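Hi,

Here is the structure I promised to pass on. Have a look at it first, and my notes follow below.

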Amino acid sequence: MPSPSSPHGQITLAQLLARSELHLEVVVEGALETSIRWVASSDLPDPTPYLLGGEFLLTAGVGLRGLGDEELTTYVDRAVAIGVVAIGIGIGPVFTSVPTALAEACAARELTLVMVPNDTPFVSVTRTFAEMTELRRVDSLRTLADATRRLLRAASADQPETAVAAALAERLHSWAAIVGQGGTVRARAGQVPPAPVLGALAESADPARGGAAAYPLRSLGGAALGTLLVEAAPPAGSTAHAFLTTAHGMLELIARQRTSGSVAPGQLLVPLLLEEGDVFARQNVGQDGELWRELLTQAAGGDARARTLRVVVACAPASAKGTSELHRWRSLFDTKLVTISAEHATVTLITRLDVTERRLSSLLDEGWSFVVGRPVAPEQLRASAAEVRALERRAREDGGVVRVGADLAPVHSFIGAASGRALADRRLESILALEPETREARLSLLRAWLHANGHWDATGRELGMHRNSVRRGIDQLRGLLGLDLDDARVRAELVIALDYVE
């Protein structure tokens with residue numbers, strides 16, 4: 001059931017009454033521009049306990065039969081108190097005309113009263129309202145998708161903050177400004193107040209109140225990076241509010257990129273594609289792929305006919321003083337889609353090129369390590385980025401180049417050699433402390449038993465031991481390790497740990 005604050009707008013009473021196929025007739029005209037929450041039907045003498053407010057209430061008159069003038073007035077009073085926007089009374093089978101007392105009570109309270117003819121089923125009114133609401137929702141989503149495409153183009157402009165502010169001011173039919181720390185106006189659009197006024201508004205405006213509204217821009221750590229100011233906050237839940245929310249998120253990304261020293265379009269597009277990619281893919285790739293193709297053709301480099309892209313994350317060596325120059329990465333991978341994170345000592349990029357060891361050789365010599373994603377379509381970039389980041393720890397610990405999909409065996413392929421050795425040292429500590437000959441015998445028994453999934457006979461055949469000797473040896477290992485070897489999670493950890501025993 002849609003609510004009055006639905007982001008897709010509401011159908012008004014006047015719009016529903018204008019549907020000629022319903023043959024609805026206004027008996028008492030109230031506030032016809034009021035939005036309808038839902039069309040509800042009830043023949044209870046008092047339906048208000050079952051209403052939320054905002055309903056167009058339909059009744060066949062069964063619950064009103066035999067009520068006096070005062071009781072009909074009470075019926076209307078209750079409806080008004082709960083927030084009913086109109087009452088529709090069916091003609092037949094109870095009433096042949098609208099009761100005069102009911103009409104007078106509605107007129108006294110300025111509540112719209114509608115006559116529903118006998119040949120108009122109540123369900124037709126409900127169905128028509130539902131269809132109108134769905135069409136409004138679809139239209140609003142299309143409008144929001146178009147606006148979002150405009151924002152994405154703006155964010156990839158040479159001066160993204162100015163372009164986003166302009167798009168925002170145009171959509172909200174007002175002014176918009178981005179104010180930095182200390183009151184510096186970084187971008188403005190529309191009839192913006194003087195800079196001193198904007199600085200004051202950035203300190204005091206509240207989006208929950210009417211008038212100028214301020215939306216803080218913050219870093220991932222919560223530090224203040226600036227403020228987005230608009231002339232007035234649009235109604236919560238409206239398409240304009242959704243548009244503002246998207247613009248605010250983009251401006252926050254731009255502000256974060258600014259702290260890394262660049263707000264170049266490529267720097268901004270990478271997080272948009274990899275972090276917000278599901279949102280933009282649904283709104284742009286699914287409905288109209290031209291925008292994404294246009295942006296990627298301009299920025300991804302390589303052969304524009306190539307249909308796939310790769311996500312690459314480069315991890316800086318511990319000895320590196322910085323994450324290198326942006327232009328070096330752009331030149332090496334022939335792409336503008338490069339973003340540098342000094343905080344995480346990584347470079348993330350999107351390229352059409354085949355990322356070979358030869359291409360990476362100079363950086364590998366400097367101690368850089370890499371995770372190279374599989375080739376994917378543009379709408380799969382976000383999922384590819386998740387795969388790449390899952391292997392980042394392994395690349396840092398093991399060094400060299402880790403390729404997504406090149407090694408699918410192993411859960412332990414994600415944890416890295418150092419973490420694997422640490423797991424082995426912790427889980428197998430009591431065995432590793434034994435004399436070499438005894439240690440190897442115990443490790444061989446444990447390894448064979450785990451690979452045989454705990455079967456005594458299979459383990460004995462592999463090691464040339466009697467099943468009872470295997471049983472006794474495993475019982476000794478239980479005590480030695482202090483672990484529950486019947487727990488599947490414990491067994492899984494031991495299988496991984498054994499692979500890292502040196």
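A definition to start with: contact means heavy atoms within 4.5 Å. Two more go with it: helices are DSSP runs of H or I with at least four residues, strands are runs of E with at least two, and both are numbered from the N terminus. Axes are lines fitted to C-alpha atoms, for helices over the stretch in contact, and angles run from 0 to 180 degrees between N-to-C directions.

Please keep in mind that this is a predicted model, where local features need pLDDT of at least 70 and side-chain atom pairs count only at pLDDT 80 or more, while totals for chains, interfaces and linings use all residues. Residues are numbered from 1 along each chain as its sequence is written, and side-chain values use heavy atoms, with hydrogens and water left out.

**The sheet and its helix**

Helix H5 (residues 160-172) lies across strands S6 (176-179), S7 and S9, and runs at about 35° to S7. The sheet itself is open, with 4 strands in the order S7-S6-S9-S8 and antiparallel pairing. S7 (185-189) and S8 (213-218) are the edge strands, each with a single partner, so one side of each has no neighbour in the sheet. On average, neighbouring strands here are turned by 15° against each other, direction ignored. Pairing means that DSSP finds at least two bridges between two strands; S8 and the antiparallel S9 (residues 224-230) are joined by 6.

**Glu55**

What does a buried Glu55 do without a salt bridge? First the terms: buried is under 20% relative accessible area, exposed is over 50%, and partly exposed is in between (1.4 Å probe, protein chains only). A salt bridge is a side-chain nitrogen of Lys or Arg within 4 Å of a carboxyl oxygen of Asp or Glu. For charge, Lys and Arg count as positive and Asp and Glu as negative, with His and the chain ends not counted.

Glu55 sits in strand S3 (residues 55-59), and the nearest side chain of opposite charge, Arg37, is 4.8 Å away. The Glu55 side chain does reach the backbone nitrogen of Gly53 at 2.8 Å, and one of its polar atoms lies 2.7 Å from the backbone nitrogen of Leu52. Setting aside neighbours within four places in sequence, Glu55 has contacts that include Arg37, Trp38 and Val84.

**Salt bridges**

How many salt bridges are there by this rule? The count comes to 19.

Two of them are in helix H14. Glu392 pairs with Arg396, with the closest N and O atoms 3.5 Å apart; both lie in H14 (residues 392-398), 4 residues apart, about one turn of the helix. Glu392 counts as buried because its relative accessibility is 18%, whereas Arg396, at 36%, counts as partly exposed. Arg393 forms a salt bridge with Glu397 at 3.4 Å between the closest N and O atoms, and these residues are also 4 apart in H14, so about one helical turn separates them. Arg393 is exposed at 53%, and Glu397 is partly exposed at 31%.

Elsewhere, Asp486 and Arg491 meet in a salt bridge at 4.0 Å, N to O. Asp486 is exposed at 54% relative accessibility, while Arg491 is buried at 19%.

Cheers

Technical notes. A polar contact is a pair of N or O atoms within 3.5 Å; within protein, one must be able to donate a hydrogen and the other to accept it, and residues adjacent in sequence count only if both atoms are side-chain atoms.
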